[in-house]
Amino acid sequence: MAFTLYLLLQAALLCVNTITVLHEERFLKNIGWGADQGIGGFGEEPGIKSQLMNLIRSVRTVMRVPLIIINSIAIVLLLLFG
Amino acid sequence: MAYHSGYGAHGSKHRARAAPDPPPLFDDTSGAYSSQPGAYPAPGADVAFSVNHLLGDPVANVAMAYGSSIASHGKDMVHKELHRFVSVNKLKYFFAVDTAYVAKKLGLLVFPYTHQNWEVQSSRDVPLPPRQDLNAPDLYIPTMAFITYVLLAGTALGIQKRFSPEVLGLCASTALAWVVMEVLALLLGVYLATVHSDLSTFHLLAYSGYKYVGMILSVLTGLLFGSDGYYVALAWTSSSLMYFIVRSLRTAALAPDNVGGPAPRQRLQLYLTLGAAAFQPLIIYWLTFHLVR
């Protein structure tokens, strides 16, 4: 498998896009992965499911605006250089 | 000026004695500066005289000074930006090695079964640098092993007459991409399993870089002893690397605060360690089998 750096960046961009487009109301709540459905109390350490839900919500919050910019750059580059 | 006339006189004396020389390739214009005192701008005729052997032009001297000031300014800017992303002091900890440590660590990577004490020692809550503690991870061995692996891959391909300069870059970037992916997967695993330890990114980078030593040994044995030697070395280095990773991660990073945790989390951490260890032979095989045919 020949990995160029650009291929790696494209794969990372696609993965982050995937995590960001999971809609909170239409999709995650229906499968029980909404961000406010996982807080089981201030007891012991959170389990893996609540960690995952926290991760999805934080990725969505943090990466919303930068992803718009990076996606636009990627689209322009793809249009120009194929 | 007397220097030049004296030199010219000696030269003419030599020329009078020896056979007629071929005409000089360059015109000797060093005497011309003295006859044109007012032809140069403010930087000064003495500045022009002192650099005329190198540049012959005071404007170029000014440009050189300006360029060097720009370069130092750029260097300061790069240092500032670098310090924002990478803490250089933490990085220096990983490169504080000496020859004895490197030799013992390499021996440990190949034969870890007799090592008794795997704890990372720390003095006053600061982990000891690798120079004083054999169990401390370092980044020197992984870096050197990575470079050696790329060179060895080029050699192996050259022996099989499949070498071209692009292959070296391809090999290096492929291996680097796999390292980045493995470190990211380990970071994700550490976050999901809520491991409370001082495992920083550089620790994970160090532990995932130790597999390059195994790769180098496998490829060398494969080159010397053929395909069978390659598989034997692969099996040996894979098992010793798996043992090394499991022992190091369990005692140094995962054990201290988590002994009394709930059972599912302990199991998760165990799976993480075993998964990290099981991934090593796969990636060693994947990155080296095309070099030994």
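**Labels and their grounds**

Reader: Why is B:Ser208 called buried?
Author: This is a predicted model. In it, B:Ser208 has 1% relative accessibility. Buried means under 20%. So B:Ser208 counts as buried.

Reader: Where is B:Ser208 found, and which residues does B:Ser208 touch, not counting those up to four places away in sequence?
Author: B:Ser208 is found in helix α8 of chain B, residues 201-209. Not counting residues up to four places away in sequence, B:Ser208 touches B:Val179, B:Glu182 and B:Val183.

Reader: What lies 3.3 Å from a polar atom of the B:Ser208 side chain?
Author: The backbone oxygen of B:Leu205 does. The cut-off for a polar contact is 3.5 Å. The distance here is 3.3 Å.

Reader: Which helices each supply at least two lining residues?
Author: α1 (5-20) and α3 (48-81) of chain A do, together with α7 (165-192) of chain B. α1(A) gives the most, with 9 residues.

Reader: What is the source of the label "transmembrane region" in chain B?
Author: An unreviewed UniProt entry. The annotation covers several stretches, including 139-160 and 270-292. In the model, residues 139-160 of chain B are 91% helix and 0% strand, with end C-alpha atoms 32 Å apart. For residues 270-292 of chain B, the values are 83% helix, 0% strand and 34 Å.

Key: Residues numbered from 1 in each chain as written. Chains lettered and ligands numbered in written order. Predicted model: local features only at pLDDT ≥ 70, side-chain atom pairs only at ≥ 80, totals over all residues. Heavy atoms only, no water. UniProt positions renumbered as here; feature names shortened; annotations may be inferred. Buried < 20%, exposed > 50% of the residue type's maximum accessible area, 1.4 Å probe, protein only. Polar contact = N/O pair within 3.5 Å; in protein donor to acceptor, adjacent residues only side chain to side chain. Contact = heavy atoms within 4.5 Å.
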